[in-house]
Amino acid sequence: MPTVQADRLKEIAAQLLMGAGATEEEAAIVARHSIGANLAGHDSHGIIQIPTYIDRVKRGHIVPGAEYEVVRESSTTTVVDGHWGYGYVVSERAMKTTMAKAQEHGVAAATVFRQSHVGRVADYPIMASSEGLIGMMTADSGRSAKGVVPFGGREARLGTNPICISMPSNLEGPMFIDMATSAVAAGKLGVAVARGTSVPEGWIIDKDGNPSTDPSDLRNGGAVLPLGGAEGHKGYGLAVMIEIFSGILTGLGFGHDPSGRHNDGCFMAAFKVDAFRDLADFKKEVTEFAQYLKETPTAKGFSEVFYPGELEHLKEKRLLQEGIAVEDSTWDKLKALADEYGLAEKLAL
Ligand SMILES: NC(=O)c1ccc[n+]([C@@H]2O[C@H](COP(=O)([O-])OP(=O)(O)OC[C@H]3O[C@@H](n4cnc5c(N)ncnc54)[C@H](O)[C@@H]3O)[C@@H](O)[C@H]2O)c1
């Protein structure tokens, strides 16, 4: 596996995306979010996705330079039709609008539909929390293929339906919870397949509903379990609510349409802390709260307690120095695309 510095990987991603028709601005945004996911330790949403996005462009499932249309709005709400643009580009813009409305009116929310993959959901609420707002976002994949079983079922009927909430603080890194409501994000199974590794028990079942540790079982009729193991009804219930926010409130619907494009429906919201409490006091107390949590005596097998989001921050600091390991199968795909777009020499691939 080659280890590549983040900036070089960003440049490779951006150039390949431009080769596939993205504008310079779109390519820079998609590359920043994707490599940001690698830096945060979520390789499933990193450079590995670039060949997939380019394939979607070729199939007309992503439209570079797509129109961004606000189809309904009020002073505190916005409904955005992304016209099949890059999800990163569409959702970043929708979050900026939501933040501006929340700054003015205290709270604001938006729904987004007809956009491609939004990637690591944390990126958008963190935009809000870094400006003194509480940020929130949920996502699902419209009527794209489903991967997660309802609690007690053995056929996939739900997406991995992630949610993120991010809080302003004075901590060195952002405090957020950013999680799939399935036992694992589906992309992590893709990474395990690409790397030829097995996965822990409790993540997936095979096509007959038996527990499995072979990630390829997912592609062979298996499914991901809801978050929570024996208490999976809680992950399942949360996934259902997220799908209603992101799929039904957006008008994308539920279930699977095999002819459809990948369609990340999103709900996002921002809350201005100042509308409730002085921002400086709030940030100070959230910081003290994190410290209080971190000072918890550790249980057997643990060396440290982390605040939510801390591990991603620590990882990013380390990987910015050390570089990002890219699995050979992904590297080969990047090289093949560089050849296709006549960029091999320019990118030294
Ligand atoms: N766009 C999509 O369609 C989609 C779908 C599913 C997931 N995702 C993304 O996939 C990524 C991975 O999701 P996941 O569920 O595998 O995340 P995860 O299990 O790695 O982490 C979930 C959360 O738990 C926190 N955390 C992890 N270990 C911790 C510890 N030891 N102590 C304290 N906090 C800890 C993390 O900071 C994070 O906020 C997320 O970024 C998510 O947004 C995206």
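## Conventions and helix 4

Helices (H or I, at least four residues) and strands (E, at least two) are DSSP runs, numbered from the N terminus. The structure is a predicted model, in which local features need pLDDT of at least 70 and side-chain atom pairs count only at pLDDT 80 or more, while totals for chains, interfaces and linings use all residues. Residue numbers start from 1 along each chain as its sequence is written.

A residue is called buried if 20 or more other C-beta atoms lie within 10 Å of its own, exposed if 12 or fewer do, and partly exposed in between, with C-beta atoms placed from the backbone. By this criterion the buried residues of helix 4 include Gly87, Tyr88, Val89, Val90 and Ser91, and also Ala94, Met95, Thr98, Met99, Lys101 and Ala102. Their cover includes helix 2 (24-39), helix 5 (123-129), strand 3 (77-85), strand 4 (107-115), strand 5 (133-140) and strand 11 (265-272). After helix 4 comes Gly106, with a positive phi near 100 degrees.

Strand 3 contains both His83 and Trp84. His83 is not a glycine, yet its phi is positive, at about 50 degrees; the residue is partly exposed, with 15 other C-beta atoms within 10 Å. Trp84, also a residue other than glycine, has a positive phi near 70 degrees. Trp84 counts as buried because 22 C-beta neighbours lie inside 10 Å.

In helix 3 (residues 50-58), the buried residues are Ile50, Tyr53, Ile54, Arg56 and Val57. Viewed down the helix axis, these residues fall within an arc of 155 degrees and so line one face of helix 3; the arc is that of the directions from the helix axis to the C-beta atoms. The buried residues of helix 3 pack against helix 1 (6-19), helix 2 and helix 10 (328-340). Gly60 follows helix 3 and has a positive phi near 80 degrees.

Just after helix 9, Gly323 adopts a positive phi of about 95 degrees.

## Domains

An automatic or database domain assignment supplies the domain bounds. The protein is divided into domain 1 (1-61 + 325-349), domain 2 (66-183 + 226-308) and domain 3 (185-224). The C-alpha centres of domain 1 and domain 3 are 25 Å apart. Seven residues of domain 1 are in contact (C-beta atoms, placed from the backbone, within 7 Å) with seven residues of domain 3. On the domain 1 side of this contact there are one nonpolar, four polar and two charged residues. In this classification, Ala, Val, Leu, Ile, Met, Phe, Trp, Tyr, Cys and Pro count as nonpolar, Asp, Glu, Lys and Arg as charged, and the others, Gly among them, as polar.

## Ligand shell

The ligand is surrounded by 27 residues, the closest being Arg120, Val121, Met179, Ala180 and Ala185; a residue is near a molecule if its C-beta atom, placed from the backbone, lies within 6 Å of it. By class, the shell has 15 nonpolar, seven polar and five charged residues. Strand 7 (175-179) and helix 9 (310-322) each supply at least two residues of the shell, and strand 7 gives the most, with four residues.

Methods. Two residues are in contact if their C-beta atoms, placed from the backbone, lie within 7 Å.
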